[in-house]
Amino acid sequence: MARDLGILVIVVLVLAATCQSAVVSPVSESHRSAALELFSPAHGSYGRLNINTLETHPLRIVFDSQIVDLVFQYKISLALGHVYLEETYEALKTFKVLGIEKKHAIRTSSCASVADTLKSTSSALKDFFDALRVNSILKCELNSEAVRGTQSRLKDSLNGASSLIDFYYSIGGLVLLKEQMSEVDVNLGDADRIFRSIKALGQSDGRWRLSSNNPESSNNAAGIALEALAGVISLATPQIDNSWVSFDFCSFVLANSMKITTLKNDILKLFDGIERYDDGTYYFDEKHVGARGHQSPLSSSASVVRGIAAVAAATSETLNLPGEKIMGLAKFFLGVGVPGSAQDLYHQIDALSYLENIRHVLWKLTSFRTLYNKAHPDLKIYSSDHDFVAALVRVSTLLGSPAPTLSVRLMQIFVSGSKDASVIDQELKFDAVSGMHVLETLPKNIDVGSYIFSFEVIFHNPEHKKTYVSGGRTRVLVHITGVIKIDNAEIVILDGDRGSVENQKKLKLPGDNAVALSANHLQKLRLSFDMSTPFGNAFKPHQAFLKLRHESGVDHIFLVGNSGKKFEIILVKASSLVLLLDFLGLVEKFFYLPGRYNIQLTVGDADMENSFLQPLGFVELDLPDAPEKATRPPPQAVDPYSRYGPKAEITHIFRAPEKRPAKELSLTFLGLVLVPFFGFLAGLVQLGANLKNFPKSTVPSTFAILFHLGIAAVLALYTLFWLKLDLFTTLKALGFLGMFLMFVGHKTLSHLASTSSKLKSV
């Protein structure tokens, strides 16, 4: 029976928040693996230097020589055992939050660097602050005298502090000293003055400036200021009026109630200016580039979260922060995935740990696995591996810790694209072994289509509502797909007046079809077919097109409408719906082009497993002649291959060869041409010419040979003049040869004359 009904396949797009978004998972093993890879020590110390970052940073070093020098100094410092305390703290804090027990062997070198920093009189405030942060994790053995000197330096720096960064490092260092060594006196006697100095850098929108000389404010500075104010609260002496500590939201309140209200409004305005994505993600954007460089939304949001966490830790009151925005911040940090840089990973993990301290956030991750479905015993519901499907919901904290005792219920099921919802209120079964809440059966009214499942977390202990944020109901988009049955498919030619069937062809959809139809402009064409789900319910696809293509390449596309389970071509004509393709009303649309029209049908849907696009055959249309003012068909698009492709080979047309005389006549002419040459030789014989007097000595014979070669060159020059040379070029060459012949000829004749005179004297 199930085979006759068809196949349903459940395909899930997981959403892990109140709005539809991409899959976002809590902290997992991927983050731990990334931490071990990104925080890898070199020479027993952590450090980072990214040349690509330097080249693209807004505060980048311009000259290559400076970059090379910086790299050189960096490598030398590592080779000498220098410890970068800030990077070391980020690595240690990340390992601590992620629960990574196996740390790199850096304790010895790091503790030595911490001790040296605290002893040094030239250390900056930031160095003291970073050293004490590292010591808060490593618990190094420190010299009491160095600690007292550090305490004195930090307190003295507060007297001359003018920038927010100076207050932050000094107060933060004193707070760390108080936490690590209770015997050290770090209480502030002038907490009221310090509070006023920090508050003077605040802005009306809740953001802070880094200094009074810098007019730009930022969210990153706001987080720093909140940490500093929280530190002032914890360091205040008992003599200070403590009535200002009773405020349940802020980190620092003084005796003046007006100041308390002002500080509260500043923090609320800071949240009012938070940025938001459409999927419910909240984050603090950073638009300021100042002394601390450009801050990304990740680092700015982490700074604000650290500041709020410091305020929450400094006061005994519960902060009434909006749960929606806390959940949105959690979505932002988790949405980053696994960062590719060590600093970004630190900001992400550190912020998530502080969010859990502010208020525990429950994260719901919905997935699907194969399981038998009892709701539809007659219907096989299975995935690609041919097993049954069920929904799984895992609830945990942001860092992956188990959630308190609770239940997960399927509250509503919405049809995608509709506001109508079915109230289900079905509790998911909890599997104690896997820690999953399992939806083993689907409701009976679920058919092929797209649905939105709405899950809700119900706490067993009502007190957990005050300490945990669950994000309300989680909506999960589910596509239930299946093979759609298509019956009664036919294409018919109807008579225009009587509506009688002139030609009827059955179709197999999907399948091979090659119908051949003919019609004139007074007839109609009807295409119809039934579509039903495996449950027998009517199915309406998202896309159904019928395309008629003329043999000249002109296309005509018609949308297929529906009437219950029947789908037919709808033509809007004279404000009435006609469930027919009336050729008489379409002659202008067809541009009065008669001839063959190929028919192609397209039916598709995201939930339809057997979508298809296939040709059905052709119809031969006999249309009337086009009137004079009829619209002409549009020009067809030029094939880019024919426009930009290789051109046809160019064939040259040469002049036809002229008619030549017979071969015998040409040979006879050649013989006649050679007659004067033989006559010349005969004349030389008659004149008594001979080679007996040709010079035999080396020098005279050389001049004689050159003379005859010169005569041959003159004859060759005449030949070239006859064939291709111009007169000017020939005369220049002839002049050169003439002088050459005069010289060698004179030498030759002189030798002959001297020889002749010697013979006569004998």
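Phe414 has Ala421 in β11 as its bridge partner. The strands β10 and β11 (residues 421-427) pair in the antiparallel sense over 5 bridges, where pairing requires that DSSP finds at least two bridges between two strands. This is a predicted model, in which local features need pLDDT of at least 70 and side-chain atom pairs count only at pLDDT 80 or more, while totals for chains, interfaces and linings use all residues. Residues are numbered from 1 along each chain as its sequence is written, and side-chain values use heavy atoms, with hydrogens and water left out.

**Strand β10 and its partners**

- Strands are DSSP runs (E, at least two residues) and helices are likewise DSSP runs (H or I, at least four), numbered from the N terminus.
- Between β10 and β11 the hairpin has 5 residues, and Gly417 takes a positive phi near 85 degrees there.
- With strand β14 (residues 449-459), β10 pairs in the antiparallel sense over 9 bridges, and Ser407 stands opposite Ile458 in β14.
- Strand β10 (residues 406-415) is largely enclosed by the rest of the structure, because 8 of its 10 residues are buried.
- Buried means under 20% relative accessible area, exposed over 50%, and partly exposed in between (1.4 Å probe, protein chains only).

**Helices α18 and α20**

- Leu674 is found in helix α18 (residues 663-686) and is partly exposed, with a relative accessible area of 38%.
- Thr748 is found in helix α20 (residues 727-761) and counts as buried at 12% relative accessibility.
- Leaving aside residues up to four places away in sequence, Thr748 touches Phe703, Ala704 and Phe707, contact meaning heavy atoms within 4.5 Å.
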